[in-house]
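Keep the 3D view open while reading.

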Amino acid sequence: MDFLRWLIEAFNSYITVGSSALLVREVVGNVFGLASALGGIRRKVWAWPVGIVGNILLLTVFLGSIFGHDQTANLLGQAGRQIMFIAVSFWGWQRWKASRESGGSAVTPRWATGTERLSLAVVMVVGTVVLTPIFGALGSYEPVWADAWTFVGSLLATYGMAKGLVEFWLIWVLVDVVGVPLLFSAGYYASAFMYLFYGCFTLAGFFIWWKAKNDSKPSVETEMPDPTVKART
């Protein structure tokens, strides 16, 4: 808790943009998030620790009003997903690192199976329905379902990235479609603009991973015929 308070104090200044003001740690946290996404496209292991730093900074942003420093809306889903990001990122970091150390690439992109796609869709919908009343009871910003949607979608997208599923980029698109309007309405303009950019960025990532998946197809070795064996006529 003291560490979070220190982060809040260290980056508690604002950048004036027209008639609005952007919180420095919100901007810096999103820059780290963008750097992590760039590393993810290139399938670099360092994408995970860089993302963790950004997650910690953004956690302090969405918990700012709880600490009594910022008069901002409580987005418990946004705050909760930063904690989730940190936990899943450590798992993804170790997974990619172990894969690279075993002689392969950090991750080999693949399409999700039919069962995996169905499971992702069910968890997305059911998770949103279950978490909406919980976030609402805790005082999350309206519309609460949008906060729950971005939380569940972010969890699934991060899981998909760790597993190397090409579809994880499309899950991010679904998160951004709902999350960008929510962030704008709640007054988190830096995050809203960054996620608006992410929406285009993730589409590019999808096609890059799609191509990488096609390029990673294994070659088929054929057995050469024995020249000492005469072919039957």
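How many aromatic pairs does the count come to? The model is a predicted one, and the count comes to 15 aromatic pairs.

Take W48 and W96. Their ring centres are 5.4 Å apart, and the planes meet at 85°. Planes over 60 degrees apart count as edge-to-face, so this pair is edge-to-face. W48 sits in helix 3 and W96 in helix 4. The pair therefore ties together parts that are 48 residues apart in sequence. Are these two residues buried or exposed? W48 has a relative accessible area of 3%, so W48 is buried. W96 is at 0% and also counts as buried.

Now turn to F168 and W169. Here the ring centres lie 4.4 Å apart and the planes are at 35°, so the pair is tilted. Both F168 and W169 are buried. Ring pairs also join residues into a cluster made of W48, W96, F168, W169 and W209.

Next comes the nonpolar core. The largest one has 52 residues. F62, W96 and W209 have the most contacts inside this core. Which helices each supply at least two residues of this core? They are helix 2 (24-41), helix 3 (47-62), helix 4 (76-101), helix 5 (114-137), helix 6 (144-163), helix 7 and helix 8 (189-215). The core also draws on both domains, with at least three residues from domain 1 (1-98) and at least three from domain 2 (107-211).

Helix 7 spans residues 168-186 and contains V177. V177 has 57% relative accessibility, so V177 counts as exposed. The C-alpha atoms of V177 and L196 are 8.4 Å apart in space, while the two residues are 19 apart in sequence.

Step back to the whole chain. The protein chain has eight helices and two strands. From the N terminus, the order is α-β-β-α-α-α-α-α-α-α. Of its 233 residues, 46% count as buried. Among contacts with a separation of 6 or more, 72% are between residues 24 or more positions apart. The accessible surface is about 12,300 Å², and carbon and sulfur atoms account for 67% of that surface.

Finally, the record. An unreviewed UniProt entry annotates "transmembrane region" at residues 6-24, 45-67, 117-138, 144-162 and 192-210. In the model, residues 117-138 are 95% helix and 0% strand, with end C-alpha atoms 31 Å apart. Residues 144-162 are 100% helix and 0% strand, and their end C-alpha atoms lie 28 Å apart.

How values were computed:
Residues are numbered from 1 along each chain as its sequence is written. This is a predicted model: local features need pLDDT of at least 70, side-chain atom pairs count only at pLDDT 80 or more; totals for chains, interfaces and linings use all residues. Side-chain values use heavy atoms; hydrogens and water are left out. Helices (H or I, at least four residues) and strands (E, at least two) are DSSP runs, numbered from the N terminus. Buried means under 20% relative accessible area, exposed over 50%, partly exposed in between (1.4 Å probe, protein chains only). UniProt positions are given in the numbering used here, feature names are shortened, and annotations may be inferred rather than shown by experiment. A nonpolar core is a set of buried Ala, Val, Leu, Ile, Met, Phe, Trp, Tyr and Cys residues joined through side-chain atoms within 4.5 Å. Domain bounds come from an automatic or database domain assignment. Contact means heavy atoms within 4.5 Å. Accessible areas come from the Shrake-Rupley method with a 1.4 Å probe; for residues, only the protein chains shown count as cover. Rings of Phe, Tyr and Trp (its six-membered ring) pair if their centres lie within 6.5 Å; planes under 30 degrees apart count as stacked, over 60 as edge-to-face and the rest as tilted.
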